[in-house]
Amino acid sequence: MGASVATAAAIVPALQSGLNYGGAEVSKSVVAGLGTVAILILIGLSAFFSSSEIAMFSLPAHRLESLVEEGRRGATTLKALKEDPHRLLVTILVGNNLVNIAMSSLATGLLALYLSQGQAVAIATFGITALVLLFGESAPKSYAVENTESWALRIARPLKLSEKVLLPLIVLFDYLTRIVNKVTGGRSAIESSYVTREEIQDIIETGEREGVLDEEEREMLQRTLRFNDTIAKEVMTPRLDMSAISTDASIEEAIEQCVQGSHARLPVYEGSLDNVIGIVHLRDLVRDLNYGEAPTENLELEDLIEPTLHVPESKNVDDLLTEMRKERLHMVIVIDEFGTTEGLVTMEDLTEEIVGEILEGGEEEPIEHVDDATVVAKGEVNIEEVNEALAIDIPEGEEFETIAGFIFNRVGRLVRAGEVVEYDGIEIRVEQVENTRIMKARITRTDAYDPDETDGDTEVEVSDDVSTDQPAS
């Protein structure tokens, strides 16, 4: 307000001297009328700059590219403005502040013709503030929110013209702003993305609550966001569950193993499972055995092996999917840092990370909901899926990603069916064990669970009929 008062002090004498120009007194009403028209024009400019800020920075980048490709009027200018968002913001702020200060100063000067300077300042302060809030801020910004795309295209060229007119001031304040940001150790948020991954996840959850998305759509979108952060080890079929065949086996044995295991493909190893040399396809086995041109007695399994990839367990599944599509592979072998076979990943495994489990025949659901606070999960289920199912926060570790891995990590030994692990208000009961593997566990969110307090303390309880002196057999 100090700027407007100082400006008014210079405007008042000028207006008063103008009233007696050439010895002829100019009517105060004429000056007031011209001043009112000027104020109305300035309010329009204030509305222009205020709505510009909302429209420009609410328009998503993907729509901007589409508008340019469609050849929409003003799209090229709009893109040029958006390429330097910091300069664009400074342009809008400089224009808006100049207009608002000029408006306040002019109103103060006009009122000073009829009132004392103190009265003029007070009335101008509240009067112009009200006008700016209603017609220079609230209404235009509401309009820009509802008509972002069309309004951004319409104002692009006038805004570019404003940038040229105000160029000296814009360059000065742009430079000063960058210096201030550098000195204070900050940087303008306008230079970073307006939407983060966390915000997108919140939008998805809000969409489900508002009925825009159903539960399955919400889950698929969230799985898509997690896909890029997933590694091969988290989606692979572990070594213990792999079906593979030796190069010494016959084609008939390979077909039998495929049929019994309901597999379309089998890894083929030479010597041991740590030396997988390729993949055989059931289709090729049946075709060449029954309909091939070569005599069946001369046909060897090695003749039908197709090469495959060996990928590290830490490989990103997004990159892996791209590579498998490029190489037209449906199965790859996962190895650890020592070159030992850890498991395998199929195209179906990667697809399930986005669309969810694809069950066949009598295959059981990986997570069975008992009630709102209890689920029964397979030991191989990822901890993140259990957390999402019960809205809890069981931590993952560097050595494990599954619920079975969590149990082993907390207990520190092999467990037997019936043992219970309690972790910060979460009860995990081992339901089924085969040999040394945890096949199923019942996870219950108890009344003591507090999502804000996870200190990591663990207690292990064993049911009365189970001894812990020996591991499961």
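Strand β3 (residues 265-269) pairs with β4 in the antiparallel sense over five bridges, where strands (E, at least two residues) and helices (H or I, at least four) are DSSP runs numbered from the N terminus, and two strands pair if DSSP finds at least two bridges between them. Within this pairing, L266 stands opposite V280 in β4. The model is predicted: local features need pLDDT of at least 70 and side-chain atom pairs count only at pLDDT 80 or more, whereas totals for chains, interfaces and linings use all residues. Residues are numbered from 1 along each chain as its sequence is written, and side-chain values use heavy atoms, with hydrogens and water left out.

β3 and β4 belong to an open sheet of three strands in the order β2-β3-β4, with mixed pairing. Its edge strands, each pairing on one side only, are β2 (245-246) and β4 (276-281).

A further open sheet has four strands in the order β1-β7-β6-β5, and its pairing is mixed. Here β1 (237-238) and β5 (310-312) are the edge strands, each with pairing on one side only. β5 and strand β6 (residues 331-335) run parallel and are joined by three bridges; V311 has V334 in β6 as its bridge partner.

Strand β10 (residues 420-423) and strand β11 (residues 426-434) run antiparallel, joined by four bridges. They form a hairpin with two residues between them, and D424 in the turn has a positive phi of about 50°. The strand pairs with their bridge partners are set out below.

| Strand pair | Sense and bridges | Bridge partners |
|---|---|---|
| β5 and β6 | parallel, three bridges | V311 and V334 |
| β10 and β11 | antiparallel, four bridges | E422 and E427 |

Helix α14 (residues 317-327) has the buried residues V317, L320, L321 and M324, buried meaning under 20% relative accessible area, exposed over 50% and partly exposed in between (1.4 Å probe, protein chains only). These residues lie on the same side of α14 because they cover an arc of only 100° around the axis, the arc being that of the directions from the helix axis to the C-beta atoms. They pack against α10 (215-227), α11 (232-235), β5, β6, β7 and α15, contact meaning heavy atoms within 4.5 Å. The face turned away from the buried side carries the exposed residues T322 and K326. R328, which follows α14, has a positive phi near 60°.

D284 is placed in helix α13 (residues 282-291). This residue is buried, with a relative accessible area of 7%. Not counting residues up to four places away in sequence, D284 touches L304 and E306.

The largest nonpolar core has 34 residues, and those with the most contacts inside it are I39, M56, L78, L88, M103 and L159. Such a core is a set of buried Ala, Val, Leu, Ile, Met, Phe, Trp, Tyr and Cys residues joined through side-chain atoms within 4.5 Å. The elements giving two or more residues to this core are α2 (28-58), α3 (61-70), α4 (75-82), α5 (85-111), α6 (117-146) and α7 (148-165). α2 gives the most, with nine residues. Apart from this core lies another, of 25 residues, among them F406, I428, V430 and Y449.
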